[in-house]
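Open the structure in your viewer and keep the selection tool ready. The tour goes from stop to stop, with something to select at each.

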Amino acid sequence: MSCSTPVQREEFDRYFIPMFNPAPFIPVRGEGARLWDQAGKEYIDFAGGIAVNALGHAHPALCQVLTEQAQQLWHLGNGYTNEPVIRLARHLVNATFADQVFFCNSGAEANEAALKLARKYGRDTHGDHKTQIVAFGNAFHGRTLFTVSAGGQPKYAQDFAPLPGGIQHAPYNDLAAAAALINDHTCAVIVEPIQGEGGVVPADPAFLQGLRALCDRHQALLIFDEVQTGVGRTGELYAYMGYGVTPDLLTSAKALGGGFPIAALLAKAEYAKALNVGSHGTTYGGNPLACAVAGKVLEIIDEPALLAGVKERHQWFLKGLEEIQQRFPIFEQIRGRGLLIGCALAPRFAGQAKALTNLAAEEGLLALIAGPNVVRFAPALIIDQAEVEEGLARLSRAVARLVRDAAQ
Ligand SMILES: *Cc1c(COP(=O)(O)O)cnc(C)c1O
């Protein structure tokens with residue numbers, strides 16, 4: 001057996017704990033917003049590794065920084081710091097509201113750190129009563145026991161009970177319901193500025209403004225989970241900038257590494273001090289290899305021209321999707337910001353989002369779902385116009401097949 005022994009998709013089902021059901025083909029190579037599978041079939045990639053591959057596949061500048069860093073230093077552990085991690089922290093602090101950062105490896109881990117920080121800050125500063133967390137229905141914050149409990153989809157949590165306590169949920173975008181839960185016992189409110197997994201649902205500006213005011217009144221920390229919306233996805237470096245509502249803590253992951261695992265918790269110094277030496281940590285966090293790549297990702301994305309390009313691409317998508325909608329009225333709503341776009345299916349096609357993305361893959365287009373009724377796109381932020389048009393042409397063929405199948 002060697003690294004070059006042929007492998008087949010069927011082996012996935014044999015060797016893996018069966019928690020995923022990947023597509024029937026295996027991608028082997030990518031370039032920009034295109035991928036090729038084992039059989040040489042080409043795909044346009046509107047999935048972007050679930051909002052991760054913000055600079056597409058095999059971006060030359062990322063390949064260069066990765067291979068250069070690979071020849072210098074991969075890993076040290078937390079007994080030592082390193083140059084790439086300090087550069088990355090400096091960039092994040094200079095570009096955002098935050099004063100200090102903590103690096104880890106996944107969105108769940110960043111949210112776990114944010115919630116732990118908020119609990120400890122609340123207890124240290126206000127006393128043992130200040131432990132309650134307010135979160136929202138349909139939210140997604142990751143798969144650790146704490147984050148799955150904060151998430152608003154009981155189906156992901158209930159089988160793992162007993163769950164961490166002290167977490168209450170209000171319906172998303174319902175400020176009055178949130179106000180009824182937030183009080184002086186609340187240590188944190190955690191919210192996605194746009195719910196990603198929950199169906200690509202943007203927050204109403206007044207909802208986020210109202211949460212900010214409630215947190216101020218009750219001395220609770222406002223946590224924005226920007227794991228999916230961060231690092232240019234919405235056409236702002238972080239979505240909070242477009243909303244004009246500043247959180248106290250912010251979590252970032254997915255696009256931050258452009259495909260290399262890394263995540264960050266961004267914090268104001270006043271709150272950051274709660275997590276002092278020994279109170280939290282992680283082995284790989286701030287690893288030089290990950291930080292060198294993320295530093296380059298941030299350098300490329302945190303540029304006005306690139307961010308403006310994301311908003312321009314949103315319009316390309318809207319135009320093409322509206323054309324599809326005119327031919328086959330399949331969508332109830334097209335929503336989202338920048339290159340996080342959700343197409344909610346009309347009631348007649350309820351539950352068919354996965355069926356549509358399966359057909360799209362057959363036509364040579366990779367797309368995501370966000371729940372059973374929403375097709376989601378989160379492509380590379382630098383996808384070009386010809387790729388968007390070709391991808392939408394393939395989507396249109398898939399839609400035609402779905403509509404035809406429904407008519408039979
Ligand atoms: C993907 C996601 C997470 C979880 O990130 P992982 O890296 O999978 O742990 C958390 N929050 C949001 C909003 C996400 O989209």
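Before the first stop, a word on residue classes: Ala, Val, Leu, Ile, Met, Phe, Trp, Tyr, Cys and Pro count as nonpolar, Asp, Glu, Lys and Arg as charged, and the others, Gly among them, as polar. The model is predicted, so local features need pLDDT of at least 70 and side-chain atom pairs count only at pLDDT 80 or more, while totals for chains, interfaces and linings use all residues. Residues are numbered from 1 along each chain as its sequence is written, and side-chain values use heavy atoms, with hydrogens and water left out.

**The ligand**

Now look at the polar contacts (pairs of N or O atoms within 3.5 Å). A nitrogen atom of the ligand is 2.7 Å from an N or O atom in the side chain of D225. Taken alone the ligand exposes 380 Å², of which the protein buries 82% (Shrake-Rupley method, 1.4 Å probe).

**The cavity**

Next select A139, F140, H141, G142, V148, G151, G152, Q153 and Y156, which line the largest cavity. A cavity is a set of points, on a 1 Å grid over the protein atoms alone, where a 1.4 Å probe fits but cannot get out; lining residues have an atom within 4 Å of a point. Its volume, the space filled by probe spheres set on the points, is about 30 Å³. The lining has four nonpolar, five polar and no charged residues.

**The sheet**

Finally, select the open sheet of four strands, in the order β1-β2-β3-β15 with mixed pairing. β1 (27–31) and β15 (365–366) stand at the edges with a single partner strand each, so one side of each has no neighbour in the sheet. Strands pair if DSSP finds at least two bridges between them. β3 (residues 42–45) and β15 run parallel, joined by two bridges. Zoom in on I44, which stands opposite L365 in β15.

Definitions and conventions: A polar contact is a pair of N or O atoms within 3.5 Å; within protein, one must be able to donate a hydrogen and the other to accept it, and residues adjacent in sequence count only if both atoms are side-chain atoms. On a 1 Å grid over the protein atoms alone, a cavity is a set of points where a 1.4 Å probe fits but cannot get out, and a pocket is an open set with protein on both sides within 12 Å along at least five of seven lines; lining residues have an atom within 4 Å of a point.
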